[in-house]
Number of protein chains: 6
Amino acid sequence: MHHLGSAFGPDITFLGVPRLNLDDPPADADVIILGAPFDGGTSHRPGARFGPAAIRQACYLPHNGARRSLALGVDPLTELKVYDAGDVPCYSGDIEQSIRTVEGAVRMTAGLGAIPVVLGGDHTIALPDMRAVARHHGFGRISMLHFDAHADTGEVEDGPLYGHGKPMRQLIESGAVRGDRFLQMGLRGYWPGPETLRWMADQGMRSYEMSEITARGFDTCLTEAFATAMDDCDGVYLSVDVDVVDPGQAPGTGTPEPGGLTSRQLLDAVRRAAYELPVVGVEVVEVAPPYDHADITAYLGNRIVLEALSGIARRRRDAREGTTWDPAVPLLRRDGLGGGR
Amino acid sequence: MHHLGSAFGPDITFLGVPRLNLDDPPADADVIILGAPFDGGTSHRPGARFGPAAIRQACYLPHNGARRSLALGVDPLTELKVYDAGDVPCYSGDIEQSIRTVEGAVRMTAGLGAIPVVLGGDHTIALPDMRAVARHHGFGRISMLHFDAHADTGEVEDGPLYGHGKPMRQLIESGAVRGDRFLQMGLRGYWPGPETLRWMADQGMRSYEMSEITARGFDTCLTEAFATAMDDCDGVYLSVDVDVVDPGQAPGTGTPEPGGLTSRQLLDAVRRAAYELPVVGVEVVEVAPPYDHADITAYLGNRIVLEALSGIARRRRDAREGTTWDPAVPLLRRDGLGGGR
Amino acid sequence: MHHLGSAFGPDITFLGVPRLNLDDPPADADVIILGAPFDGGTSHRPGARFGPAAIRQACYLPHNGARRSLALGVDPLTELKVYDAGDVPCYSGDIEQSIRTVEGAVRMTAGLGAIPVVLGGDHTIALPDMRAVARHHGFGRISMLHFDAHADTGEVEDGPLYGHGKPMRQLIESGAVRGDRFLQMGLRGYWPGPETLRWMADQGMRSYEMSEITARGFDTCLTEAFATAMDDCDGVYLSVDVDVVDPGQAPGTGTPEPGGLTSRQLLDAVRRAAYELPVVGVEVVEVAPPYDHADITAYLGNRIVLEALSGIARRRRDAREGTTWDPAVPLLRRDGLGGGR
Amino acid sequence: MHHLGSAFGPDITFLGVPRLNLDDPPADADVIILGAPFDGGTSHRPGARFGPAAIRQACYLPHNGARRSLALGVDPLTELKVYDAGDVPCYSGDIEQSIRTVEGAVRMTAGLGAIPVVLGGDHTIALPDMRAVARHHGFGRISMLHFDAHADTGEVEDGPLYGHGKPMRQLIESGAVRGDRFLQMGLRGYWPGPETLRWMADQGMRSYEMSEITARGFDTCLTEAFATAMDDCDGVYLSVDVDVVDPGQAPGTGTPEPGGLTSRQLLDAVRRAAYELPVVGVEVVEVAPPYDHADITAYLGNRIVLEALSGIARRRRDAREGTTWDPAVPLLRRDGLGGGR
Amino acid sequence: MHHLGSAFGPDITFLGVPRLNLDDPPADADVIILGAPFDGGTSHRPGARFGPAAIRQACYLPHNGARRSLALGVDPLTELKVYDAGDVPCYSGDIEQSIRTVEGAVRMTAGLGAIPVVLGGDHTIALPDMRAVARHHGFGRISMLHFDAHADTGEVEDGPLYGHGKPMRQLIESGAVRGDRFLQMGLRGYWPGPETLRWMADQGMRSYEMSEITARGFDTCLTEAFATAMDDCDGVYLSVDVDVVDPGQAPGTGTPEPGGLTSRQLLDAVRRAAYELPVVGVEVVEVAPPYDHADITAYLGNRIVLEALSGIARRRRDAREGTTWDPAVPLLRRDGLGGGR
Amino acid sequence: MHHLGSAFGPDITFLGVPRLNLDDPPADADVIILGAPFDGGTSHRPGARFGPAAIRQACYLPHNGARRSLALGVDPLTELKVYDAGDVPCYSGDIEQSIRTVEGAVRMTAGLGAIPVVLGGDHTIALPDMRAVARHHGFGRISMLHFDAHADTGEVEDGPLYGHGKPMRQLIESGAVRGDRFLQMGLRGYWPGPETLRWMADQGMRSYEMSEITARGFDTCLTEAFATAMDDCDGVYLSVDVDVVDPGQAPGTGTPEPGGLTSRQLLDAVRRAAYELPVVGVEVVEVAPPYDHADITAYLGNRIVLEALSGIARRRRDAREGTTWDPAVPLLRRDGLGGGR
């Protein structure tokens, strides 16, 4: 397997980071970005196949492989060794094969000691993404932090074997993730039904529905969930379905559900997770450009990736330097900038 | 009058609920959905005539006449007897006749003991909708809970006799609703002028403008309004103009006014109202598909209807079973699902 | 120089206010609106040249030169003497000349004793706008209240001499504004880098990044900033880049950065600033219609202008009449409307 | 009745031509433009109420009241006395009143000896437009040249009394136009049915359906139609429904019918008609901006008006000067430009 | 297998024709419409899964199961017995199964003696569609008339086994269609390469590329192709890929290729084919609504179906009644309407 | 000067052809593609700065640096040595500097013996593009074949010194091109005025306005123009403004003028020119993505480039091999493919 290239359009990398050839990888990768341009598993609006290309380039700044987070004071693309391996060969008409190729590529990535960051594609790919990570770190040793409007725990008996409505069930049933280390944030709407919910309850899943989030406060819920995630687990996998955000701020997605988080809430939550938890894998899915407007959903997808990477980079720097990050400190007094007031 | 069919496009029902023939109605209807595909009364952008069709079908789930609310744990479409009577014959070029036909249809619906849920159409139809409900329940016996960016209390002397800027005045003047049981939520912008406001004050109306909502808190305002609504009244009519939500989340509307509620706030408020108050009629108006993007406003309209119906269904179930609903309870521990943590 | 007319499309004025001929101006102008239809300084998406025309007309109400603020109970367009001088001749291909013509026109406007309200155009025009105001009121005597996702303090050495990424640096370096009276609200994202931030810190700038705003509360930050702004300064210049708002509510802009303020937050902040502070100039920039949808960003730009003018008008009235404005008072009891409850 | 102003948005005139007050009109008007911002008669997509504003301003050249036709070598806006009287007060919810006000205004216009050019609005207005012209010139003395995908001869018995599907029948039944001087160009699709067609045949109408136009050639059909139009009639009324053009080039319309003329064909035909025939009235209808993209339909509407006016102006000049216009002559050798080759 | 329903959105039929249950079909069906909502085989832009729903309803006329062709004077939906069997269950992530289910359903349809009209979906479905028809009528006995920008004869060895780029090769290789009775119209662009073209030549295919069509005339090419099609064959299968039309008139498609036919040309060609040839099956594919604007591509798809059905209906009527259809006859003199001139 | 990279978004090349470093160029380049991402000279809608990126990637086929023309049977990207040098550094706010940098880069390209293919950008760049080519080949030795809706011969005295409305005048005045070897195709609309036309006539320009093209036939006009172009000149420069095509097929442009060529006509004309004439330079300008829909204008721009290159490649092959290309020959019998019939 050579450098994978881009499935659609020109061969580009995430904001210009260096290319990586999975057959001849560098030894120093901290993060490897992979595209999974697959939308054969979506139950409604397709288009997420163009998600990787859109997420990689949705930025008005030069595509120079560098991005310094204003808030966190780190440049994750240069402080970490970040590579882009291109798009895993997926064929939306063949879901089983696509799952295999994605799982293989993520497995290789994790095997290199790097954090895989997978750009979807529809949420079907959570199954191969997370399972590959679990194979590397040990089944049941990684908890799942899952931002989504939908539980994605559909029953496998219904309809096709695989799809974007059921990966979470398959991950738990396979043992890759413990049900009681499966944290869901942002659920809402009119799905799934009681049998599925009962199954979820039986697994010990913890699903924060929007009415709970509103009633108790998002930060409170996150703090609680983070504690669960770190209880007897070695790392956290971060799965972000862009439809967790309200359709007004993320119209470009397949199954929009009104009443979601704001993009500000999601970006803060992703930052907190990446900064406070030992993240071992990330996926950003369900960005569907055909339904986007003015690229706002693609921009959001790009920023979700950058927030995650920035949190990771800052966490590593703080661990190294014994520093800490406090958002209540004025920007120009952070990190020794010397702003007086 | 046979089954009314759809005014535009194929003959469909709200998410696949059964059809109802107003001439030969079933005896058991709890809720009857009616379309009022009229936009001749809009003062600016037309298109709300396509609102009923858009609201009926804006959902990525199967159109199977069933929807279980994840938050509330009820399926309003099957726990209630919900029918769709089709679109009332409206002609946007003839506002007076359209008002008559809508009023007649809503009156028949209410006469069947069902809750009418009217899908607009522009807000002109509040006049026939609410007046018909009041005729059934008694003039002055039903309070109005009105979510809107605009007061819609324009003076009848100005311009045409009817239109989407004046139904609320006509409802009060006719005696259908008491002015001091008229609750408005979400007003903002640059209309109406002082004479109209003075008239509103004289009627004892209670209009929660966005600056008050921000200063005092939306929940506080709602609680206060709900108390007023239930003071010496027998029921509440819920009128939701989708433009109460910010244009970013509801672009598909005729007279967008920046600075509105979030869709999350509106959905929560509609749910609370339907759960806490004895709702006797609902209308969802001003969804104008030509100005929508990726159907996000249509989806919001669909979810407003479902939240209202879900609240009603849960209220009935709780009354029946002596249970109660608490959003602070984790999803998987609600309703005996048994989620342990 | 005669009445300037409109650079693009028909010759219109802001919501129908009277025209003003800068060569033969009336003596009584309180506010003069100017268009700066320039987008040659934008680093990414152009289109802000059409901002003035879009902002002037984005309203569903009659364009009659009158707008009564529902919240504030004033009509700024009639209680103040508001004129529209048309568009300053700009040529997007010639940034230096455009800066000169804008500065000249704003200077004339300020010289008439009126508050200039400049409709951009890209943010490049902050340099001539604010510098002209400072020339009139005295260099260093006016503080800057700057709402933006971006600091706009780019180094002049990089790339072209002028552009929308650097006016704030040039304003401080020229002495027009004191660095320690330069207040920035809403910064976020991945720009600028540490050298620029260090320069900003060295100037004593106060930049409220979104993570601080979230951590400490927006109102708290505003209160603090307002105090700084009024410390040993004679007035405040209000510069509003529409991209401070989240792209979901302001998609029509050149460099969208996810995670911004809501439009409700911005409108409230602009109102507060205009009501609580002695505003001597306003600009609303970076509305780029080609990327807008359903005119929602143009509407927002229009409402930003109206909120600023309404705040100014109410401030003057309250000063005159010894009254005060309290958002917690119900709408129909404000201003002697007499709403009983 | 004062100057009518614009119904929606700012008060503008067609490309900046002078305003005209119908109550105090100038004596010299050759052409008077009127907007009829009405779409209450449309059977499907509304939005044509914004047609007049869109058609008036869809041009990238300065709005200076001058336009020299490159092809014809005349500037119709300055060689003719062209005024814009603004928008006739229409209310889409009241079709009968709207018809009356439009008819009154067109009648006044014609009474001034000017050619009325009415900007629709939906095609309902053909009834008052043409009837008013006929009242001035004599019932049955003006033939109709009607470009449209639809015959618009629907039976009055069906549905509402007036609407955009039936004005042509009403014009013939009223005697305003002779059926055998009613020429239709571009019909196609799946409407109307045989009874209506039989009625049309009985009136002696001549309807050129697209299959005939393709089989015989458009120019041949036009030549034949022009001869009929001028047989025992004193003038021609030109009614152009923009949907005669293929939806690919005119998407912004209410009832698009694939397989239409190209915009090139229509513009050439309008030019030929206006140059070869004594046009006494023009209407351009069914431009519906909400469905337009990049203003291409609005631009087409603007150019249809300009082609008609240019043809009229050139016809008058040629009559005056004894010259003639020949499209086969190279541009730079036309009109004494002196291009040598 | 019961009535198949709609895969996405409400359960509708083509313009309101009666439903058909493939398990209990009526004996009298002349035409059976089937949806194949599959887009897993598209190589680029997906979205054709929504093609069937879009094509079924893209019409501004009442959805009453009747449509009289203005040109042909027949109502194919009532003169023929036309039913809609709903959507074949397809899953875009499983191309092999989808091909099987589509082939099964088309086979049943053909077995009933009806003409199947399949609404795609991407062009992958040509394989099961046409193969099923050939199984019924005999392999090699039906010629193929294929309108498309692309030859769709890709080599099976490359990439996935099935997809929208290769069905035509598979149809020939399977023997379902004779290569020398395979007529292609409208090819252009930059695909396929010489090996594939050589293979095509070897099969005796006849591919009319746009430069030949322009050079020789479309009608000439059609006449020639029709003769080939009827040489020792029993019927013709009509496969219409909407991308044969220029992207300006058919933007809503997956692989747009500039320089195509006009929609007028295509509609005329489809009409001619259906009127002059014994059509035994029809498919209309590659309408991809996410990329459409103002539904113009969906309307075109709808009209392609109607033109085909109208041609068939008129052909049958003329055969029955000994009449003939001549487009050069004026509309109102066709079919005994009696238009005098 | 190193490899220039891309001004906006990721660094890509035209359909994946190899990069070229203008400082260290290969000796074998036949064609060098350059982007000129400049839109500071546009008089109306900006956005052409994104034209180079859009044109480079608007294709659904793999971006593999190869494209075989189906019609011409050549792969210009591999039979010619085609490189992409990236984007010339342009700054839309500084038109003079941008003209200098573009002219320098094109000059270098021509100096390498390669044909420059410049991707605009607005039409301002015709001045540096063509002047640089003329400097290489000799002033007055290269004729201009200019496809455009506009003459672009505006007077320099009016307004800014440079812009997209006047490059053609400057080219003639500078002597770079002889006025009587300046051929314009597709002019129409309402610009320029008689003085400019007289100047054009005086220069001996030959401008084919659309009414002449319609009257005499496009092929006839082309043949005549080609003869003029080759009369005492050594080569032809091909300047294609995408707005020569009708806005329905090219909406994504700055100054759309209804009534243009079809994309089929333009592609055929470009092919003919490149095949029949010794083309020494090409530019494709005024593709403005913000106004595009479904990328159709970008696709057209991409195909214009490919048609030009294919024509050049075929011309060279035919010269080399003594073959000839005849569009009337069936596709599968061209180039020895062996199609029998």
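The points below cover the model's basis, its sheet, its symmetry and its backbone exceptions.

1. This is a predicted model, in which local features need pLDDT of at least 70, side-chain atom pairs count only at pLDDT 80 or more, and totals for chains, interfaces and linings use all residues. Residues are numbered from 1 along each chain as its sequence is written, while chains are lettered from A and ligands numbered from 1 in the order in which they are written.

2. Chain E holds an open sheet of 8 strands with parallel pairing, in the order β2-β1-β3-β8-β7-β4-β5-β6. Strands (E, at least two residues) and helices (H or I, at least four) are DSSP runs, numbered from the N terminus; two strands pair if DSSP finds at least two bridges between them. Because β2 (82–87) and β6 (206–209) of chain E each have a single partner strand, they stand at the edges and one side of each is without a neighbour in the sheet. The twist averages 15° from one strand to the next.

3. M185(E) has Y208(E) in β6(E) as its bridge partner.

4. Helix α3 (95–111) of chain E lies across β1 (31–36), β2 and β3 (115–120) of that chain, at about 175° to β1(E). Axes here are lines fitted to C-alpha atoms, for helices over the stretch in contact, and angles run from 0 to 180 degrees between N-to-C directions.

5. Chain A superposes on chain C by a rotation of 120° with 0.0 Å of shift along its axis (RMSD 0.0 Å). That is the relation of a three-fold axis. The C-alpha of G248(A) is the nearest to the axis in chain A, at 3.2 Å. The copies use different surfaces, with 7% of the contact residues of chain A recurring in chain C. Superposition is by least squares on the C-alpha atoms of residues with pLDDT of at least 70 in both copies; contact requires C-beta atoms, placed from the backbone, within 7 Å.

6. Most residues other than glycine have a negative phi, and most peptide bonds are trans. Phi is positive at E286(E), near 70°, and at D295(E), near 60°. E286(E) is buried, with 32 other C-beta atoms within 10 Å; D295(E) is buried with 22. The classes are buried at 20 or more other C-beta atoms within 10 Å, exposed at 12 or fewer, and partly exposed in between, with C-beta atoms placed from the backbone.

7. A cis peptide bond joins W191(B) and P192(B), with omega about 0°. Another cis bond joins G120(F) and G121(F), with omega about 10°.

Notes: Contact = placed C-beta atoms within 7 Å.
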